[in-house]
Each structure stands twice: as structure tokens, then as C-alpha cells.
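Have the sequence and the 3D view side by side, and let's walk through this one together.

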Amino acid sequence: MKRFLKLLLLLFSSIIIISAAWYYKKLKPAASPAVAAKPVSQSLTQHAKKAKAYANQKGYNTSVCFLIDMRVASGTNRFYVYNLKTDNIDAAALVTHGRCNKNWLQGRQYGNKAGCGCTSLGRYKIGAAYQGRFGLAYKLHGLDSSNSNAFKRYVVLHSHSCVPAQEVDPYPICQSDGCPTVAPGFLKTLAKIIDASQQPILLWIYE
């Protein structure tokens, strides 16, 4: 009788252990699959190569530059911190484009006239930091004929809470009055790079 009770108790304990293991397995979240790094596009590589040559010639930072590809949907990361030494993307994030004074701009439109509210394509020198209506911002100096009025248009690099910290594609993000606007957290990342640089950093908005 005692032997039977021991066997019964052992069987009962085994059932409890197996059940508990099964239940724990159901509750435990599955391991997240490795996120594949996005390959560096040929266009990005070409612009980075040209940016490095320009930086060498003009005395800009030759270790890093900022590249913005306007062909990429606004809900997808298209602001790249590009490492010119390793030819890799160190960081990427969302960035706005100008709405050209419309309630909502469909597609892309560019401009350089004062008051146009559009994004201006071209290369920019990132200038001095200041505290503006959106907090920390960096002045931008247009270096090409396509963005020569950027400074007088008050086109600056700043952040806004309307810009998400993560990709939201296929949904678009908010639009600006021509400023490349990023998420607050990403601006902090950029600020560390800009403020630590002994030479001006090149920002290039292209299509």
C-alpha cells in the first residue's frame, strides 16, 4: 500500500512538473529574430564619396557627414549619419520635408525662394547652435545655387515631437516649412557629433 502511494505521488509530481514546463514555455516570449542590417544603397555610397571629396577640398569634417535621401518615403529612415572612414551608416532616422505652404504636400516639391516653405536640395554647412522656438537648433548655410537662401529663409536643423523615434512606413510623418526636422532623441545624437567636431560637418539633401 505504501509503495502504491509512493508511485502515485511520484506520478502526480511528474504531471505537475510537465504541466508547469509546458505553461512556462507558452508564457515565455519567443526569441526575437535578428534584424538584418539594411544594405547601403549605391546612390548613398556615391553621394558619400562626393561628400568626402568636397569635405577634403573645403576643410569640412572628413570622418562623418549627414545625408538625407528625399526619394525615400517619409515614414522610413532617410537621414543617415554616414561614417566616411568605414563607409558605413552609423545611425539613421526619420526626417521631415517641406510642405511648400500647403496643408499637406503630396509627393515632393522643392524651392529656394524666401517664404516658399519647401525643402531645398543641396549641400549645407551646419553652423552655430542656438535656442529657438523648438529648443535646440543648428543654423544651416546653403552651399549650392539650389539652397543659397537657406540661411535667410531660417531653414535650420531642429527637432519636433511630431517626428516619431521609429519608422512608421507605410504611414507618412509630419511636414515642415522647409527645415529638416528630426525626433528629439535623434537630435541629441546629432548634437553630440556636431559639438564634438573640430571642423564643420556637411549635410547633403539630395534626390
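S1 and S2 run antiparallel and are joined by five bridges. Two strands count as paired if DSSP finds at least two bridges between them. Strands are DSSP runs of E with at least two residues, helices are runs of H or I with at least four, and both are numbered from the N terminus.

Before going on, a word on what you're looking at. This is a predicted model, in which local features need pLDDT of at least 70 and side-chain atom pairs count only at pLDDT 80 or more, while totals for chains, interfaces and linings use all residues. Residues are numbered from 1 along each chain as its sequence is written, and side-chain values use heavy atoms, leaving out hydrogens and water.

Back to S1. Six of its six residues are buried, so S1 is largely enclosed by the rest of the structure. Buried means under 20% relative accessible area, exposed means over 50%, and partly exposed is in between, using a 1.4 Å probe and protein chains only. In a regular strand, side chains alternate between the two faces of the sheet. You can see this in S1: Val64, Phe66 and Ile68 point one way, Cys65, Leu67 and Asp69 the other, and all are buried.

Now zoom out. The protein has three helices and eight strands, and from the N terminus on they run α-α-β-β-β-β-β-β-β-α-β. The eight strands form an open sheet with mixed pairing, in the order S3-S2-S1-S8-S4-S5-S6-S7. Its edge strands are S3 (88-93) and S7 (181-182), each pairing on one side only. Of the 207 residues, 41% are buried.

Further along the sheet, S4 (residues 122-132) and S5 (residues 135-142) pair antiparallel over seven bridges. They form a hairpin with two residues between them. Glycine 132 stands opposite glycine 135 in S5, and isoleucine 126 stands opposite leucine 140 in S5. S5 is then joined to S6 by three antiparallel bridges, with tyrosine 138 opposite leucine 157 in S6.

What about the helices? H2 (residues 42-58) lies across S1, S2, S3, S4 and S8, running at about 140° to S8. Axes are lines fitted to C-alpha atoms, for helices over the stretch in contact, and angles run from 0 to 180 degrees between N-to-C directions. Histidine 47 is found in H2 and is buried, with a relative accessible area of 14%. Leaving aside neighbours within four places in sequence, histidine 47 is in contact (heavy atoms within 4.5 Å) with Trp204 and Tyr206.

H3 lies across S1, S2, S3, S4, S5, S6 and S7, at about 135° to S6. Among its residues, Phe186, Leu187, Leu190, Ala191 and Ile194 are buried.

Next, follow the loop between S3 and S4 to glycine 98. At 1% relative accessibility, glycine 98 is buried. Its C-alpha atom is separated by 5.7 Å from that of glutamine 175, 77 residues apart along the chain. Not counting residues up to four places away in sequence, glycine 98 touches Leu105, Gly117, Cys118, Thr119, Ser176, Asp177 and Gly178.

Points are joined across faces, edges and corners, and a volume is the space filled by probe spheres set on them. The largest pocket has a volume of about 460 Å³. Of the 23 residues lining the largest pocket, Arg133, Phe134, His158, Asp177 and Cys179 are the closest to its centre. The structure also holds one cavity of 30 Å³ or more, and residues including Ile68, Cys179 and Ile205 line the largest cavity.

Notes: On a 1 Å grid over the protein atoms alone, a cavity is a set of points where a 1.4 Å probe fits but cannot get out, and a pocket is an open set with protein on both sides within 12 Å along at least five of seven lines; lining residues have an atom within 4 Å of a point.
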